[in-house]
Amino acid sequence: MDAPHHEDGSGQGDARAPLAPYNGGTNCEEGDGMSKWECTVCGWVYDPQVGDPSQGIQPGTAFEDLPDSWVCPECGAPKDMFEELG
Ligand SMILES: [Zn+2]
C-alpha cells in the first residue's frame with residue numbers, strides 16, 4: 001500500500017516542445033521605427049541612418065526630428081514636399 005507516487009505517463013503527458021520565443025509587441029518595422037522619406041519633387045530619399053551631413057544632420061536623425069529649416073539637398077524642397085516610404 002505504500003507505493004511511491006509515480007506518475008508514469010499517465011495524465012501529465014504535455015511534452016510538446018515550447019513555442020519559439022514570441023518577441024512581444026515588436027512590429028515588423030525596419031530599424032528603430034525610423035522611416036525613409038522621399039522627395040516628391042526630385043525623388044531624393046532621406047535615410048535616417050545616414051542623415052544629411054551637407055546640412056549638419058547627424059546619422060540616426062528621424063525625419064520628424066529634422067528642423068523646419070531643413071530642405072531637400074537636391075532640389076531645395078521643404079519638408080512637407082516629402083512622402084513617407086512604407
Ligand atoms: Zn528634392
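Predicted model: local features only at pLDDT ≥ 70, side-chain atom pairs only at ≥ 80, totals over all residues.
1. The secondary structure of this chain comes to zero helices and three strands, and along the sequence the pattern reads β-β-β. Residues are numbered from 1 along each chain as its sequence is written, and side-chain values use heavy atoms, with hydrogens and water left out.

2. Now to the sheet. The three strands form an open sheet in the order β2-β1-β3, with antiparallel pairing. β2 and β3 are at the edges with a single partner strand each, so one side of each has no neighbour in the sheet. Two strands pair if DSSP finds at least two bridges between them; β1 and β2 run antiparallel and are joined by two bridges. On this sheet, Trp 37 stands opposite Tyr 46 in β2.

3. The zinc site is worth a look in your viewer. Its protein donors are Cys 39 (SG), Cys 42 (SG), Cys 72 (SG) and Cys 75 (SG), at 2.3 to 2.4 Å from the zinc ion. Donors are N, O and S atoms within 2.8 Å of the metal (3.2 Å for Na, K and Ca), and water is not among the atoms, so sites may look incomplete. The angles among the four donor atoms are 104 to 115 degrees, and the site is tetrahedral; for four donors that label asks for all angles between 85 and 135 degrees.

4. How are the zinc donors spaced along the chain? They follow C-x2-C-x29-C-x2-C. Cys 42 counts as partly exposed at 37% relative accessibility, while Cys 72 counts as buried at 3%. (Buried means under 20% relative accessible area, exposed over 50%, and partly exposed in between, with a 1.4 Å probe and protein chains only.)

5. A search of the whole structure finds one salt bridge, that is, a side-chain nitrogen of Lys or Arg within 4 Å of a carboxyl oxygen of Asp or Glu. The side chains that meet in it are those of Lys 36 and Asp 47, at 3.9 Å, N to O. Lys 36 lies in the segment before β1 and Asp 47 in the loop between β2 and β3, so the pair ties together parts 11 residues apart in sequence. Lys 36 is partly exposed, with a relative accessible area of 38%.

6. The loop between β2 and β3 also holds Thr 61, which counts as buried at 18% relative accessibility. A polar atom of the Thr 61 side chain lies 2.6 Å from the backbone oxygen of Gln 58. Not counting residues up to four places away in sequence, Thr 61 touches Met 34, Tyr 46, Pro 48 and Leu 66, where contact means heavy atoms within 4.5 Å.

7. Glu 64 is found in the loop between β2 and β3 as well. Leaving aside neighbours within four places in sequence, Glu 64 is in contact with Trp 37 and Lys 79. Glu 64 and Lys 79 are 15 residues apart in sequence and 9.2 Å apart in space, C-alpha to C-alpha.

8. Finally, the chain as a whole: 21% of its 86 residues count as buried.

Notes
Tetrahedral: all angles 85-135°; square planar, octahedral: opposite > 155°, others 65-115°. Helix = DSSP H or I, 4+ residues; strand = E, 2+ residues; numbered from the N terminus. Polar contact = N/O pair within 3.5 Å; in protein donor to acceptor, adjacent residues only side chain to side chain.
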